[in-house]
Amino acid sequence: MDLSKIKTLIDFVGRSNITELTVTEKDVTVRIFRTSPGQEAAAEPQQEAGSTTSLAQDAGSDLPSMPEKTYAVKAPVFGVLHRTPAPGEPPFVAIGDEVEEGQTLFIIEAMKVFNTIAAPRSGRIKHLTEIDDGEVETGDLLAEIA
């Protein structure tokens, strides 16, 4: 599939009401996704009872532990996830790191385009995906920030 066809498909998705288009020609498959205005595809609040607790919690406290609210960072597109800026370099973030809103967490490579995935809010990294230089699907959980 040539670049002009791909650009035409991207323009079509941008002008239409569809949110996803998959086209296969010979041995090449192109998947194009679009999010609705105002929708945050990369991050959405997530709370799981008892899943995480505060690191500052006193171990000797008699109070019952309250689950900490975490924010899920999900893959906005299908592609190859990169946890490092370049091969051989350290990862953008590790579990326990403090991050600022807008800080780069990952890069997803889709159709030779590198999309940076930024932190939707400030906080501490509680969970990171094990995937590195492997494929992720749209909506896959990449990280949790508390």
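**View 1. Val 13 is found in helix 1 (3–15).** Helices (H or I, at least four residues) and strands (E, at least two) are DSSP runs, numbered from the N terminus. The model is predicted: local features need pLDDT of at least 70, side-chain atom pairs count only at pLDDT 80 or more, and totals for chains, interfaces and linings use all residues. Residues are numbered from 1 along each chain as its sequence is written, and side-chain values use heavy atoms, with hydrogens and water left out. Val 13 has a relative accessible area of 2% and is therefore buried; buried means under 20% relative accessible area, exposed over 50%, and partly exposed in between (1.4 Å probe, protein chains only). The C-alpha atom of Val 13 is separated by 7.9 Å from that of Phe 33, 20 residues apart along the chain.

**View 2. The protein as a whole contains one helix and eleven strands.** From the N terminus on, the order of elements is α-β-β-β-β-β-β-β-β-β-β-β. Of the 146 residues, 29% are buried. The accessible surface comes to about 9,100 Å², and 52% of this surface belongs to carbon and sulfur atoms; accessible areas come from the Shrake-Rupley method with a 1.4 Å probe, and for residues only the protein chains shown count as cover. Among contacts (heavy atoms within 4.5 Å) between residues at least 6 apart in sequence, 55% join residues at least 24 apart.

**View 3. The largest nonpolar core comprises 16 residues.** A nonpolar core is a set of buried Ala, Val, Leu, Ile, Met, Phe, Trp, Tyr and Cys residues joined through side-chain atoms within 4.5 Å. The members that touch the most other members are Val 99, Leu 105, Phe 106, Ile 108, Ile 125, Leu 142 and Ile 145. At least two residues of this core come from each of strand 7 (104–110), strand 9 (123–128) and strand 11 (141–145). Another core, of six residues, lies apart from it and includes Val 13, Leu 21, Val 30 and Ile 32.

**View 4. Phe 92 is placed in the loop between strand 5 and strand 6 (98–99).** With a relative accessible area of 23%, Phe 92 is partly exposed. The C-alpha atoms of Phe 92 and Phe 106 are separated by 6.7 Å, with the two residues 14 apart along the chain. Leaving out residues up to four places away in sequence, Phe 92 touches His 82, Arg 83, Thr 84, Pro 85, Gln 103, Thr 104, Leu 105, Phe 106 and Ile 107.

**View 5. The largest pocket has a volume of about 490 Å³.** On a 1 Å grid over the protein atoms alone, a pocket is an open set of points where a 1.4 Å probe fits, with protein on both sides within 12 Å along at least five of seven lines; lining residues have an atom within 4 Å of a point. Grid points are joined across faces, edges and corners, and the volume is the space filled by probe spheres set on the points. Of the 20 lining residues, Arg 31, Val 77, Phe 78, Ala 110 and Met 111 are the closest to the centre of the pocket. Strand 2 gives the most to the lining, with five residues. Helix 1, strand 2 (28–33), strand 5 (79–82), strand 7 and strand 8 each supply at least two lining residues. The lining has eleven nonpolar, four polar and five charged residues; Ala, Val, Leu, Ile, Met, Phe, Trp, Tyr, Cys and Pro count as nonpolar, Asp, Glu, Lys and Arg as charged, and the others, Gly among them, as polar.

**View 6. Met 111 and Asp 133 have positive phi values.** Most residues other than glycine have a negative phi. Met 111, in the loop between strand 7 and strand 8 (113–118), has a phi near 55°. The relative accessibility of Met 111 is 44%, so this residue counts as partly exposed. Asp 133, in the loop between strand 9 and strand 10 (134–136), has a phi of about 60°.
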